[in-house]
Amino acid sequence: MEVETPKKIIKFEWLTTYECNLACQGCKVIKMGDVIKPKPFDIKKYEEGLDNLYYFADANFGAFYGAEPTMLGKKNLGDLVELLTKYSKDGKTNTIITNGVILNGDHDYQQYLLDRGMDSITCSVDVIGTDDYDVSSTRKSHTGLELLDSMKQKGIRDTCGVVTMTGANLQYIPDVVQEIHDRGHWVGFDVLHYDQKNGNDMFSSGPSKLSDIMLSRLDRSQIAEVADRLIEMKSNGVRLFPPVSYFEMLKNPKYSVDLNWKCGDGDFPHCITVSPDYRLHPCDCQIGKYTNDFTVFDLPKRWDEYVEAHFKSSAECESGCFWSTHFLACEMVKDYTKDKSDYYSHKEKNGK
Ligand SMILES: C[S@@+](CC[C@H](N)C(=O)[O-])C[C@H]1O[C@@H](n2cnc3c(N)ncnc32)[C@H](O)[C@@H]1O
Ligand code: SF4
Ligand code: SF4
């Protein structure tokens, strides 16, 4: 297959707000508002930033989340959804990731977003079939799944449920994945991310301790069983989004438990994250030490300078991670071909 000239980025993530109506155990993003002061939502600024990301940086895909994007309010979210159709017309794709609490059951609101052109929705589904789990995660798992069903029924093109694996939901994961698939949705997957080296205060939201849900090396055989099961399910046609190589590596506790994977291996940045003050970071939980000085509006005039700052920031990332979305984008950066770029939007099914 012909390898095309690498472009500037594979994808971007845009954190629209740090506000949320839940407090999931382990979520760091809701605490980022203490560190970064969000700027007011401004659709004109979004358009300028998105022109830079989709057209100047040539991203194919953008994920919009936050904390919780519905906290922007109906009009702002609707304006954003409508703006995104400008890029969809050029084959550029997106998804909006939500906990579903505000949208689920509100059929007028769901239809309003569809009428404004919503193409893809992603919801978190961490656990089903038990009440013995983090209260917020359990709630969003139910609202998220119902919302995905409802949006699919109303005709949205793409629906996806994302499962975040922790030390407390391991046993439920194959059933949760199967259920999301059986209901007709794609399935995303990630491992709980925390920062073992610098303490975990930022990751300790919600009523229980982070240590209650962290993965440990004692979980390694169960993690390997889950990974094997997911590989088997994927080979049997379950629409699991991460590549098989990710699940193979998941069996190694160096990645799944110690989070000892690092991004930044490639010729160009794999992903850029925009925070609610329009500044740029290597990912949603790293405040880039060197990228802090850049906004999304600076990209065309300061691109080379930005790339240097981006790689320096990720090289000095102390926590490491094993985010599947960053892993996949880094793999694509190393071996970029055009048809793989549609994998994020679930238009291309065979990304390896
Ligand atoms: C930060 S949330 C924002 C969108 C929306 N509020 C939601 O929960 O779906 C995006 C995704 O990150 C996941 N997440 C939150 N904290 C995490 C952590 N410490 N490690 C890995 N994933 C995490 C959530 O479960 C969710 O799937
Ligand atoms: S993971 Fe939970 S607390 Fe964090 S933004 Fe999503 S719903 Fe809110
Ligand atoms: S390794 Fe890269 S993607 Fe992972 S936490 Fe660090 S900067 Fe973010």
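Student: Where is the place of Pro-282?

Tutor: Pro-282 sits in the loop between strand E8 (280-281) and helix H9 (303-315). These labels come from DSSP runs: helices are H or I runs of at least four residues, strands are E runs of at least two, and both are numbered from the N terminus. Please keep in mind that this is a predicted model, where local features need pLDDT of at least 70, side-chain atom pairs count only at pLDDT 80 or more, and totals for chains, interfaces and linings use all residues. Residues are numbered from 1 along each chain as its sequence is written, while chains are lettered from A and ligands numbered from 1 in the order in which they are written.

Student: Why does Pro-282 count as buried?

Tutor: A residue is buried if 20 or more other C-beta atoms (placed from the backbone) lie within 10 Å of its own, exposed if 12 or fewer do, and partly exposed in between. Pro-282 has 28 C-beta neighbours inside 10 Å, so it counts as buried.

Student: Which residues does Pro-282 touch, not counting residues up to four places away in sequence?

Tutor: Its partners are Cys-263, Thr-273, Gly-288, Thr-291, His-310, Ser-313, Ser-314 and Cys-317. Two residues are in contact if their C-beta atoms, placed from the backbone, lie within 7 Å. Lys-347, on the other hand, is 65 residues from Pro-282 in sequence and 26 Å from it in space, C-alpha to C-alpha.

Student: How do you know how enclosed helix H10 is?

Tutor: In H10 (residues 324-334), 10 of the 11 residues are buried, so the helix is largely enclosed by the rest of the structure. Among those buried are His-326, Phe-327, Leu-328 and Met-332. The buried residues of H10 pack against strand E1 (11-15), strand E6 (186-191), helix H7 (244-250) and E7.

Student: Why are H5 and H6 called roughly parallel?

Tutor: Angles under 35 degrees count as roughly parallel, over 145 as roughly antiparallel, 65 to 115 as roughly perpendicular, and the rest as oblique. Axes are lines fitted to C-alpha atoms, for helices over the stretch in contact, and the angles run from 0 to 180 degrees between N-to-C directions. Helix H5 (residues 173-182) and helix H6 (residues 220-235) pack at an angle of about 20°, with their axes 10 Å apart. The two are therefore roughly parallel. Ile-173, Pro-174, Val-177 and Gln-178 of H5 make the contact with Val-226, Arg-229, Leu-230 and Met-233 of H6.

Student: How does the contact of H5 with H6 divide by class?

Tutor: There are 6 nonpolar, 1 polar and 1 charged residues in this contact. Ala, Val, Leu, Ile, Met, Phe, Trp, Tyr, Cys and Pro count as nonpolar, Asp, Glu, Lys and Arg as charged, and the others, Gly among them, as polar.

Student: What makes H2 roughly parallel to H3?

Tutor: The axes of helix H2 (residues 74-88) and helix H3 (residues 107-115) come within 9 Å and cross at roughly 30°. That angle makes H2 roughly parallel to H3. Lys-74, Gly-78 and Val-81 in H2 meet Tyr-109, Tyr-112 and Leu-113 in H3. By class, this contact has 4 nonpolar, 1 polar and 1 charged residues.

Student: Which residues surround ligand 2?

Tutor: Among them are Cys-20, Cys-24, Cys-27, Glu-68, Asn-99, Ser-136 and Lys-140. A residue is near a molecule or strand if its C-beta atom, placed from the backbone, lies within 6 Å of it. The shell around ligand 2 divides into 8 nonpolar, 2 polar and 2 charged residues.

Student: Which residues come nearest to ligand 3?

Tutor: Of the 13 residues around ligand 3, those are Cys-263, Cys-283, Cys-317, Cys-321 and His-326. Its shell has 7 nonpolar, 5 polar and 1 charged residues.
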